[in-house]
Amino acid sequence: MRYLSAPRPPTPAALISTAALHQIRRIVGTDRVLTEREDLIAYAYDGTPLLHKLPDAVAMPRSADEVAALVRLANDAGFKIVARGAGSGLSGGSIPTDDCLVLLMTPWNRIVEIDRENLTAWVEPGVVTAHLHAAVEAEGLFYPPDPGSMAVCTLGGNVAENAGGLRGLKYGVTRNYILGLELVTPTGEWMRVGGKVMKDVAGYDLKSLLIGSEGTLGVFTKILVKLLPKPETSRTMLAAFGKLSDSAEAVSAIIAAHIVPSMLEFLDHTTLNCVEDYAKLGLPRAAEAILLIEVDGRASAVEEDMAKVAELCRKHGATAVTVAASNAEAIQLKTARRSAFSALARLRPTTILEDATVPRSELPRMIEFIQRTAKTRDVLIGNFGHAGDGNLHPTCLTDERDKAEIHRAETAFGDIFNEAIRLGGTITGEHGTGLAKRPFLEAQVGPPGIALMRAVKATLDPNDVLNPGKVLLPKVRCEGQARKS
């Protein structure tokens with residue numbers, strides 16, 4: 001399990017051969033290949049704590065042809081490839097591996113086309129998610145997925161991880177807005193899947209297989225996203241609760257009333273006080289929890305729904321309900337949620353953020369379980385997340401130098417993941433499996449599920465070139481002998 005290993009300075013793996021490095025430079029140009037240690041350190045990490053490894057080299061290809069040539073070379077020369085965007089992931093998905101070349105895709109940052117007639121946009125994988133939001137909203141359009149890291153994360157990473165976001169309750173996740181992909185396969189062929197049509201059932205659904213595959217089944221070179229008309233209006237509300245359980249019951253009541261907010265977010269007492277210390281937003285410090293709620297759509301429907309939501313919150317114990325009087329106030333309230341991770345990270349040296357998800361009806365039980373687990377395992381956990389879709393972000397505030405505390409944190413997360421599975425949930429709602437959650441995947445999908453995933457990976461990537469070791473634990477080498485002994 002991932003947190004038990006004491007952190008070490010990044011060290012190089014067994015090096016890619018000199019001959020292979022010469023070929024890499026020939027393909028992309030000498031000035032677009034990094035091999036010096038001081039240049040590689042930045043690519044040894046992503047947003048996941050306690051995981052790091054130096055790559056052997058970093059290459060910055062400029063075209064799909066160069067990407068394909070590098071992948072073919074990797075198959076021939078026996079090295080591995082990890083495609084990387086902004087490195088904001090939280091599951092270790094872009095951590096380098098042995099004999100590893102990192103493909104840096106952040107320079108691929110063009111919005112190639114915004115098609116108003118078909119409500120689509122072609123983008124390169126290095127486009128920052130917030131930049132796409134701004135570009136399409138200037139055209140009166142709307143791209144709903146909005147991960148908490150949208151100011152830095154890139155579309156390629158969003159697709160690879162099937163990222164969620166604050167608007168996931170009403171609008172869904174990245175998968176729901178991807179119409180097509182251009183990519184290089186693990187054996188170095190270029191291909192396109194999907195397109196601008198709204199209906200397409202020709203053959204197997206390869207597009208859905210690739211979305212959320214965490215860089216293990218292809219390198220994206222272009223992405224076709226679906227857009228929506230921009231909502232007419234929106235209103236934002238903050239509801240404070242004296243009891244954590246009351247806030248969870250209010251969430252269930254809102255959903256049961258057939259109201260679907262565009263945003264229904266939760267912050268517990270620890271988190272909201274860290275946010276207030278950090279951002280000075282005037283949040284109610286005495287509250288045990290707050291809900292941040294946004295409703296969008298036609299003005300008349302929005303006002304009606306907001307009135308019902310306020311009534312339901314008060315009915316379930318809200319001590320205060322505040323509706324933003326202006327767009328500026330609404331942005332300020334949403335800043336509270338978007339700054340939760342940053343605020344918590346200031347409290348202790350090491351911040352471990354996870355994303356267990358349960359059916360919405362099980363949300364009160366899961367929130368209470370996380371609270372009890374923090375006490376039982378003697379760790380400090382701040383909790384926040386997308387309460388409307390059952391996606392919680394228990395965040396352990398710890399210190400990687402304290403091995404005993406790290407062990408307790410890991411044990412606590414094991415308890416939390418197992419409880420999420422027991423309640424019919426999942427070990428990850430939006431961060432992905434990566435390196436961090438590989439040990440828990442079989443408990444959720446079972447041995448047949450693992451076997452099927454291995455078969456898909458082995459068929460599409462026979463030389464295990466793309467992002468090896470992510471999602472699936474390495475197979476035991478002497479499996480057969482182990483059974484006999």
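Two strands pair if DSSP finds at least two bridges between them. Strands (E, at least two residues) and helices (H or I, at least four) are DSSP runs, numbered from the N terminus. The model is predicted: local features need pLDDT of at least 70, side-chain atom pairs count only at pLDDT 80 or more, and totals for chains, interfaces and linings use all residues. Residues are numbered from 1 along each chain as its sequence is written, and side-chain values use heavy atoms, with hydrogens and water left out.

**View 1. Strand β12 and its two partners.** Strand β12 covers residues 233-241 and pairs with β14, residues 289-297. The sense is antiparallel, over 9 bridges. Here Arg 235 stands opposite Val 295 of β14. β12 also runs antiparallel to β15 (residues 318-323), joined by 5 bridges. On that side, Met 237 faces Val 323 in β15.

View 2. Ile 293 sits in strand β14. Is Ile 293 buried or exposed? Its relative accessibility is 0%, so Ile 293 counts as buried. Buried means under 20% relative accessible area, exposed over 50%, and partly exposed in between (1.4 Å probe, protein chains only). Contact means heavy atoms within 4.5 Å. Beyond neighbours within four places in sequence, the contacts of Ile 293 include Arg 235, Thr 236 and Met 237. Among the others are Ile 254, Pro 261, Met 263 and Leu 264, along with Val 309 and Cys 313. Ala 130 lies 163 residues from Ile 293 in sequence and 21 Å away in space, C-alpha to C-alpha.

**View 3. An open sheet of 4 strands.** The strand order is β1-β2-β4-β3, and the pairing is mixed. β1 (33-34) and β3 (80-84) are the edge strands, each pairing on one side only. Which sense do β3 and β4 take? β3 and β4 (residues 100-104) are parallel, over 5 bridges. Within this pair, Ile 81 has Leu 101 of β4 as its bridge partner.

**View 4. The chain around these close-ups.** The chain holds 16 helices and 18 strands. Its radius of gyration is 23 Å, close to the 23 Å of the globule rule for 485 residues, so the chain is as compact as a globular protein of that length. The radius is taken over C-alpha atoms; the rule is 2.2 Å times the number of residues to the power 0.38. The C-alpha atoms fill a box of roughly 70 × 60 × 45 Å along the principal axes. Buried residues make up 55% of the 485.
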